[in-house]
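Thanks for making time this morning. Please have the sequence and the structure open.

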Amino acid sequence: MVDLHAFVCQMPKVELHVHLEGAIRPATLLQLAKRNRFALPAQDVEGLRDFYRFRDFAHFIEVYVTITRCLQTQDDYHLIAYEFGADCARQNVRYAEVTFSIFTNVTYANLPWQAIVDGLNAGRAQARTELGVDWRWVFDIVRDAPQTQEQVVEIALAAHDQGVVALGLGGSEKGFPPELFVQSFERARQGGLHSVPHAGEIAGPESIWNALRLLYAERIGHGVRCEDDPALVDYLRERQIPLEMCPTSNICLGVFPSYEAHPLRWLWDEGLFITVNSDDPPLFNTDLNHEYEVLVDHFGFTADELEQVSLNALRASFLPQAEKAQLETEFRAGFARLRETR
Ligand SMILES: [Zn+2]
């Protein structure tokens with residue numbers, strides 16, 4: 001297992017389900033709060049960890065708003081994007097698709113969306129040049145604020161040529177089902193954006209069915225609750241619809257009581273298209289390396305299976321075909337080298 005942990009850290013990876021605001025380093029958040037004179041409910045990293053600990057979904061949303069309120073200037077967005085890239089580089093994450101709640105940020109930072117996107121893309125460009133990692137953006141509608149959905153879509157479409165590849169749907173599933181967002185996803189799709197809603201995390205299989213049928217979801221954020229519906233499991237297997245699984249997030253949010261109760265291994269054995277992701281790394285005291293270690297320690301994944309999970313994420317990404325093929329060649333070479341040294 002120690003051997004496999006080293007393998008996990010060194011292997012090339014792709015991350016498809018991670019929220020930029022939820023990935024900000026705690027030390028950076030403290031520094032930004034101080035600079036922007038925002039009173040955080042914590043004075044140090046230890047205090048932030050306490051604040052982050054999951055109590056209920058309402059508190060989780062409050063944590064998100066608090067984090068967002070620490071961001072005030074274009075430079076702040078540059079910094080958090082660049083540091084995200086540095087965290088990817090540290091874990092050999094070569095490519096990511098990163099969710100960002102653009103309209104929440106426009107609201108709290110009181111900046112035009114273009115200034116925020118410019119800041120984000122400046123950090124992304126710096127990370128690409130200095131560290132050789134790259135990513136694209138998924139701008140998400142926050143379900144709890146359905147009245148903002150048109151603005152989110154408008155911005156996402158306007159920023160389509162600035163690295164935005166998809167429309168997401170996050171926030172509270174309960175009370176805000178896919179039905180409320182049909183027109184927005186239709187508009188985004190017409191404009192060439194992909195569809196990646198969260199579904200089947202807190203709500204049951206019905207939310208996944210509706211994400212597929214009404215929002216034309218190409219990947220499902222989480223989707224773990226499909227286990228309750230055999231017809232849905234069959235459908236997901238037949239169509240090979242990628243599931244963005246985030247096991248530690250599920251445990252922290254109480255979706256399952258333990259890794260042992262989590263259906264990831266079962267769904268994998270059933271032949272579903274599984275990817276593994278970190279969701280909000282510091283909020284759940286995890287990162288992508290750790291999620292892959294969880295596959296080893298709790299789900300019995302072998303080196304071959306870990307490689308397959310990594311390639312799944314690459315194949316499920318929205319990279320243009322040529323870039324995807326190029327990266328797959330590099331990944332295969334990377335895995336071959338790792339095998340030789342084992
Ligand atoms: Zn998420």
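Asn-92 counts as partly exposed, because 17 C-beta neighbours lie inside 10 Å, and a buried residue would need 20 or more. This is a predicted model, so what I say rests on a prediction. Asn-92 sits in the loop between helix 5 and strand 2. Its phi is near 55 degrees, a positive value in a residue other than glycine.

Arg-37 is not a glycine, yet it has a positive phi of about 55 degrees. Where is Arg-37 found? It is in the loop between helix 2, residues 26-35, and helix 3, residues 45-52. Arg-37 counts as exposed, because it has 7 C-beta neighbours inside 10 Å.

Strand 2 covers residues 93-100, and eight of its eight residues are buried. Strand 2 has a partner on either side. With strand 1, residues 13-19, it pairs in the parallel sense over five bridges, and Val-18 has Val-98 as its bridge partner. Strand 2 also runs parallel to strand 3, joined to it by six bridges. Two of the residue pairs there are Glu-97 with Arg-136 and Thr-99 with Val-138.

Now strand 3, residues 134-142, and its pairing with strand 4. The two are parallel, with six bridges between them. Val-138 stands opposite Ala-166 in strand 4. From strand 3 the chain passes through helix 8, residues 149-158, to reach strand 4, and this β-α-β crossover is right-handed.

Is strand 4 covered or exposed? Strand 4, residues 164-170, is mostly covered, with seven of its seven residues buried. Four bridges connect strand 4 to strand 5, residues 194-199, and these two run parallel. Leu-169 stands opposite Pro-197 in strand 5. Helix 9, residues 182-190, lies in the path here: strand 4, helix 9 and strand 5 form a right-handed β-α-β unit.

In what order do the strands come? The sheet is open and has eight strands, in the order 1-2-3-4-5-6-7-8, with parallel pairing. Strand 1 and strand 8, residues 274-276, are the edge strands, each pairing on one side only. From one strand to the next the twist averages 25 degrees. Helix 14, residues 288-299, packs on the sheet and touches strand 1, strand 2 and strand 8. The direction of helix 14 makes about 130 degrees with that of strand 8.

Last, the interior. In soluble globular proteins, nonpolar side chains tend to be buried together. In this model the largest nonpolar core has 97 residues. Which residues have the most contacts inside that core? They are Val-98, Phe-139, Ala-156 and Ile-274. Helix 5 gives the most to this core, with seven residues.

Leaving out residues up to four places away in sequence, Val-98 touches Val-18, Leu-20, Phe-84, Trp-135, Trp-137 and Val-138.

Terms used: Residues numbered from 1 in each chain as written. Predicted model: local features only at pLDDT ≥ 70, side-chain atom pairs only at ≥ 80, totals over all residues. Buried ≥ 20, exposed ≤ 12 C-beta atoms within 10 Å, placed from the backbone. Pairing = 2+ DSSP bridges. Right-handed = clockwise from strand over helix to strand, strands pointing away. Axes fitted to C-alpha atoms, helices over the stretch in contact; angles between N-to-C directions. Contact = placed C-beta atoms within 7 Å. Core = buried A, V, L, I, M, F, W, Y, C linked by C-beta atoms within 7 Å.
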